[in-house]
Structure formats: structure tokens, C-alpha cells
Amino acid sequence: MKRILNLLTLVGMIVFLTACGNENKINTKAYKETEFLMGTYVSLSVYDADKEAVIEEGFALVRDLADKITGETTESEISKINATAGEKPVVVSEEVYELIEAAAKYSVEMDGQFNYTIGPITNLWRIGFDDARKPSQEEITEALKKIDFNKVTLNAEEHSVFLQEAGMEIDLGAIAKGYITDQVRELFVESDVTTAIIDLGGNVFVMGASPAREGDVWNVGIQDPFAERGASIGSTQQSERSIVTSGIYERYLEVDGEIYHHLMNPKTGYPFDNEIAGVSIISETSVDGDALSTLVFGLGVEEGLAYVNGRSDVEAVFVTKDKEVYLSEGLKDNFELRDEDYTIVEK
């Protein structure tokens with residue numbers, strides 16, 4: 001019996017030492033690379049020692065998914081779906097089908113406030129591209145007739161997608177970066193990365209805890225909607241969370257002194273017109289944050305806050321054009337305002 005106990009003790013010690021040996025060493029300075037992809041700057045930062053090679057794998061994944069999802073090249077899977085609208089279904093990759101399924105789900109759940117068949121409108125305005133313009137009302141009226149997520153046939157067995165009417169177009173721009181962010185995070189987890197920052201230009205995911213804060217949570221900046229990317233009005237402390245910001249600051253078109261931003265209302269064919277300058281969504285997945293940032297931006301501050309406060313898995317920061325800041329209930333004790341030009345308003 002004594003020999004058995006000694007053997008069990010020895011096995012326990014080996015398991016303990018092996019587990020300790022498998023713990024990653026965390027550097028105080030990250031391996032970091034930045035590339036311009038999908039019309040924005042993508043930065044991947046990994047703090048785990050000896051994990052530098054994973055960064056290139058991450059960029060390879062971003063490039064691959066972006067090539068499949070973009071509507072700007074005729075070879076992309078989305079372009080092929082749009083090109084055969086009203087004619088025949090198109091078989092797509094597992095990743096693209098999964099993304100389209102998610103977009104369809106959000107479109108149904110949000111009653112069309114988020115609508116992935118908004119392509120006829122976004123491709124009329126082209127905001128963010130060199131050929132951006134303000135379409136005529138007649139063009140907008142015609143394009144709106146082609147927006148209907150109920151007229152998309154999805155075949156899960158074949159991974160095929162069929163747009164039932166000619167002229168229909170899928171546009172996944174409001175959700176694609178979130179999906180890709182989550183895929184990079186999944187790759188990092190599978191590669192035993194524990195501490196990292198994934199930043200796809202407005203879609204940020206923080207993994208683990210900040211080495212600079214001795215293993216404490218990350219201080220995550222909330223984007224200033226009136227400044228360039230990276231400028232913040234304040235911060236919140238988060239770990240293992242996605243932070244997605246949508247706002248009027250980055251892509252817009254000016255016509256006759258009037259500013260038109262890129263966040264389109266699928267029901268009017270024009271940009272959402274309300275008091276919001278920017279909204280940041282904090283959630284467990286980036287794809288949720290992407291879809292919800294579009295939704296609550298369109299709802300406005302009052303309805304948007306009510307929606308977020310009605311969920312236990314999401315928080316939000318709203319910034320108005322008057323530089324007022326509104327916080328969801330779960331952030332009221334977890335947000336530090338640092339810009340004196342802004343004022344927190346209790347709601």
C-alpha cells in the first residue's frame with residue numbers, strides 16, 4: 001500500500017511539474033506586425049514567448065478570408081453570388097457559408113435593421129471608395145426594391161447561396177471584420193497563444209491580461225469619433241472581450257457642404273440620421289459586436305441604450321455629435337473619461 005501511495009505521489013509531482021512547464025512565458029513587449037488590408041490597418045500583437053511565427057499565420061488567414069468575402073474583385077465568392085443573382089445558386093467555402101448564415105440570422109433577429117442584402121444601396125453610394133457619389137432619389141428608390149433578406153436561399157448541405165432576384169447583392173461589410181477577428185482569435189487559441197491584441201481597424205479583441213499592468217486587465221481606449229483612428233476619449237478595463245466601434249469619423253462623402261457617412265439605413269437608402277457620432281460595443285465575440293454596432297447606431301441613443309441594457313452579454317458607449325457620452329449599465333463603474341471636451345450624461 002505504501003508503494004502505491006508513493007507511486008501516486010510521484011505521478012502527481014510529474015503532472016504538476018509538466019503543467020508548470022507548459023505555462024507560457026509572457027513578454028512585456030509584444031511581437032507586433034501591421035499591414036494595410038481590407039481598406040484599413042490590421043495589427044496583430046502577441047506577448048507569448050516563442051510565438052512570433054503565429055502572427056504571419058494570422059495575417060495569412062486574414063488575407064485568405066478577405067479575398068473570399070470582398071465584393072471588390074470578380075473572383076471573390078461574394079462577387080460570384082451577386083453576379084448570378086436570379087440565375088443559379090453558388091457553392092461557397094465553409095467559412096463564407098458560416099459568415100452568410102450569421103448575417104442571415106442577425107437580419108432576421110434585428111427585423112432588417114441589420115440587413116446583409118443592402119448591397120444595391122452601398123454600391124450606389126460607394127462611400128469609402130474613389131468613385132463615391134450621392135445617387136439620385138430615383139436610383140435609391142429602385143435599389144431599395146432589391147433589398148430583401150427573405151429572398152436568399154441557403155442550402156446548408158451543399159453550402160450554396162442563391163439570390164432569388166436579379167439585381168440583388170450581398171454586402172457583408174458590416175460583419176466581415178468581426179468574423180475575421182474571431183477566426184484569428186481561434187487560430188491564436190489553437191496555437192497556444194494566451195496574451196494578445198487583435199486589431200482589425202475598429203474591431204479589437206484583447207486576449208489574456210496586460211503584461212504592462214502586471215497581469216491585470218487591459219485598459220482599452222474608446223475611439224474619439226471626431227479624430228483619427230487610435231485617438232480615444234477614455235478607457236474601459238477588459239479581458240477576453242471584443243470592442244467594436246462604428247462611427248462617422250472614418251468613411252464619408254461631402255456633397256454641397258453636407259456630410260454623408262457610410263452607415264446606411266436599409267429602409268431609406270440614406271445614411272442613418274440621428275444624434276450619434278460613434279458607438280462602441282463590448283461583447284464576447286467580435287462578430288456580435290460588428291452586427292450590434294450597426295444595429296444600435298441606427299436605433300439612436302435612447303432605443304440603443306434600452307436594447308443594450310436589456311442584454312446581459314453586451315455593453316456599449318455612445319458618443320453624440322454634441323460630445324455627450326452615454327454608458328450602458330455595466331460600464332458606469334468601468335469607464336474613465338479622459339477628454340475634457342466630452343461629458344458623461346446619466347441616463
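Arg 126 lies over the face of Phe 129, at 4.3 Å from the ring centre; a charge counts as over a ring if NZ of Lys or CZ of Arg is within 6 Å of the ring centre and within 35 degrees of the ring normal. Lys 105 does likewise with Tyr 106, lying over its face at 4.6 Å from the ring centre. Keep in mind that this is a predicted model, where local features need pLDDT of at least 70, side-chain atom pairs count only at pLDDT 80 or more, and totals for chains, interfaces and linings use all residues. Residues are numbered from 1 along each chain as its sequence is written, and side-chain values use heavy atoms, with hydrogens and water left out.

**Residues with positive phi**

- Arg 126 isn't a glycine, yet its phi is positive, at about 60°.
- You'll find Arg 126 in the loop between helix H5 (119-125) and helix H6 (137-144); helices (H or I, at least four residues) and strands (E, at least two) are DSSP runs, numbered from the N terminus.
- Arg 126 has a relative accessible area of 16%, so it is buried (buried is under 20% relative accessible area, exposed is over 50%, and partly exposed is in between, with a 1.4 Å probe and protein chains only).
- Lys 323, another residue other than glycine, has a positive phi near 65°.
- Lys 323 sits in the loop between strand E14 (315-320) and strand E15 (324-327), and with a relative accessible area of 28% it is partly exposed.

**Helix H7**

- Helix H7 covers residues 176-190, and at 1.5 Å a residue its 15 residues should span 21 Å, which agrees with the 21 Å between its end C-alpha atoms; the expected span is 1.5 Å times one less than the number of residues.
- H7 is mostly covered, with eleven of its 15 residues buried; among them are Tyr 179, Ile 180, Val 184, Leu 187 and Phe 188.
- Those buried residues pack against several elements, including strand E2 (40-48), helix H2 (53-69), helix H4 (94-109) and helix H8 (286-309); contact means heavy atoms within 4.5 Å.
- Gln 183 is part of helix H7, and its relative accessible area of 17% makes it buried.
- Leaving aside residues up to four places away in sequence, Gln 183 touches Leu 61, Leu 65 and Glu 98.
- Gln 183 and Thr 285 are 102 residues apart in sequence, and their C-alpha atoms are 10 Å apart in space.
- After H7 comes Asp 192, with a positive phi near 65°.

**Where H2 and H4 cross**

- The axes of H2 and H4 come within 10 Å and cross at roughly 65°; axes are lines fitted to C-alpha atoms, for helices over the stretch in contact, and angles run from 0 to 180 degrees between N-to-C directions.
- Leu 65, Lys 68 and Ile 69 on the H2 side meet Glu 95, Val 96 and Leu 99 on the H4 side.

**Aromatic pairs**

- There are six aromatic pairs, where rings of Phe, Tyr and Trp (its six-membered ring) pair if their centres lie within 6.5 Å; planes under 30 degrees apart count as stacked, over 60 as edge-to-face and the rest as tilted.
- Tyr 47 and Trp 218 make a tilted pair, 5.5 Å centre to centre with 55° between the planes.
- That pair links distant parts of the chain, with Tyr 47 in strand E2 and Trp 218 in strand E8 (residues 218-223), 171 residues apart.
- Tyr 47 and Trp 218 are both buried.
- Tyr 106 and Phe 114 pair edge-to-face, at 6.1 Å centre to centre and 70° between the planes, and both are buried.
- Trp 125, Tyr 260 and Tyr 270 come together as one aromatic cluster.
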